[in-house]
Amino acid sequence: MTAMMKAAVFVAPGRIEIADKPIPGVGPNDALVRITTTTICGTDIHILKGEYPVAPGLTVGHEPVGVIEKLGSAVTGYREGQRVIAGAICPNFNSYAAQDGVPSQDGSYLVPQGLCGCHGYKATAGWRFGNLIDGTQAEYVLVPDAQANLAPIPDGLTDEQVLMCPDIMSTGFKGAENANIRIGDVVAVFAQGPIGLCATAGARLSGATTIIAIDGNPHRLDIARKLGADVTLNFRECDVVDEIMKLTGGRGVDASIEALGTQSTFASALRVLKPGGTLSSLGVYSEDLTLPLSAFAAGLGDHKINTALCPGGKERMRRLINVLESGRLDLGLLVTHEFKLDDIVAAYELFANQRDNVLKVAVKPH
Ligand SMILES: [Zn+2]
């Protein structure tokens, strides 16, 4: 008899529901992880609404915290019963893309299926959980290429403290890294959802000394101050571009980070950028973008525009955990609500509608 587990699956646009599924078998390079805590991401809301297509019946979620239940025969250096996380992005690190420094764009494992004919380069294909394979909003998840992707959790850190590592912290910090921040920089961070908040914290750790955080939600701006923002601007109360140009004496910011994925935040991030500055974009866009010509200096402004998908892999996770273990940052305060996996429909409802000042929900199978 096949052992079964509960999992949150995408049924159709507007419907993610709990279903019974078989506990997956473990191949030589896999690890079966028993989920102790997972969470819901803004990307899962795009999936729920049908804005980002996934196969019906797929288990959603891509942020695992758990315990190794069973290790594949080829996976060494870990033990069953060990607490671990894995990145939301699980590349296999064998591809041309990975060896070229962009493992998140690694689709090499799709080559045998004929889904990737370009030697492993396939945009976003490093993102497997809850996208191409069953995800983490379940009692168990199968971690592929476990040797490259499992990161042990130190005893002193709780599930809630490391829950941001797989995606939110990794993505937010990548926003700061891609902004080419230097000590003493002025940085503007557009949108202070969980990822924007982590970009603010990352800008602080990177040496920016004037960090301007922008959002329309006063509660989120308060959290931004706690995580490192020096100035907060509510776009409902001021003209953000005017205000930032005043704050910088007309110079513009050294770097701007876009953490929402809309035309208006992208355009503002470009309008406040100094000539030669870097726009680091994290947002997930769902429409064509237009570059405002004047802000783009007709293409002659020496601007740099960087985009990113969340970095994964055990070395990335180890570094993020190291930041938390050092005490330089506590992201536990982003976890505002807790739900049982059985109640995940209610968790989606709360999170999608941003009720009750929710930032992130902890979802626990047991
Ligand atoms: Zn995510």
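Helix axes are lines fitted to C-alpha atoms over the stretch in contact, and the angles between them run from 0 to 180 degrees between N-to-C directions. The structure shown is a predicted model, in which local features need pLDDT of at least 70 and side-chain atom pairs count only at pLDDT 80 or more, while totals for chains, interfaces and linings use all residues. Residues are numbered from 1 along each chain as its sequence is written, and side-chain values use heavy atoms, with hydrogens and water left out.

**View 1. The crossing of helix 5 and helix 10.** Helices (H or I, at least four residues) and strands (E, at least two) are DSSP runs numbered from the N terminus. The axes of helix 5 (residues 165-177) and helix 10 (residues 314-325) come within 10 Å and cross at roughly 90°, so the two helices are roughly perpendicular to each other, a term that covers angles of 65 to 115 degrees.

**View 2. Helix 7 and its surroundings.** In helix 7 (residues 218-226), Arg 220, Leu 221, Ile 223 and Ala 224 are buried, that is, under 20% relative accessible area, where exposed means over 50% and partly exposed lies in between (1.4 Å probe, protein chains only). Seen down the axis of helix 7, these buried residues fall within an arc of 160°, so they line one face of the helix; the arc is that of the directions from the helix axis to the C-beta atoms. The face turned away from the buried side carries the exposed residues Pro 218 and Lys 226, whereas the cover over the buried residues includes helix 6 (194-205), strand 9 (210-215) and strand 10 (231-234).

View 3. At the N-terminal end, Asn 217 caps helix 7, with a side-chain oxygen 2.8 Å from the backbone nitrogen of His 219. Just after helix 7, Gly 228 takes a positive phi of about 130°.

**View 4. Cys 41 and Cys 310.** Cys 41 is buried, with a relative accessible area of 3%, and Cys 310 is also buried, at 4%. The cysteine sulfur closest to that of Cys 310 is in Cys 41, 8.9 Å away and too far for a bond. A search of the whole structure finds 0 disulfides, a disulfide being a pair of cysteine sulfur atoms within 2.5 Å.

Methods. Contact = heavy atoms within 4.5 Å. Polar contact = N/O pair within 3.5 Å; in protein donor to acceptor, adjacent residues only side chain to side chain. Parallel < 35°, antiparallel > 145°, perpendicular 65-115°, else oblique.
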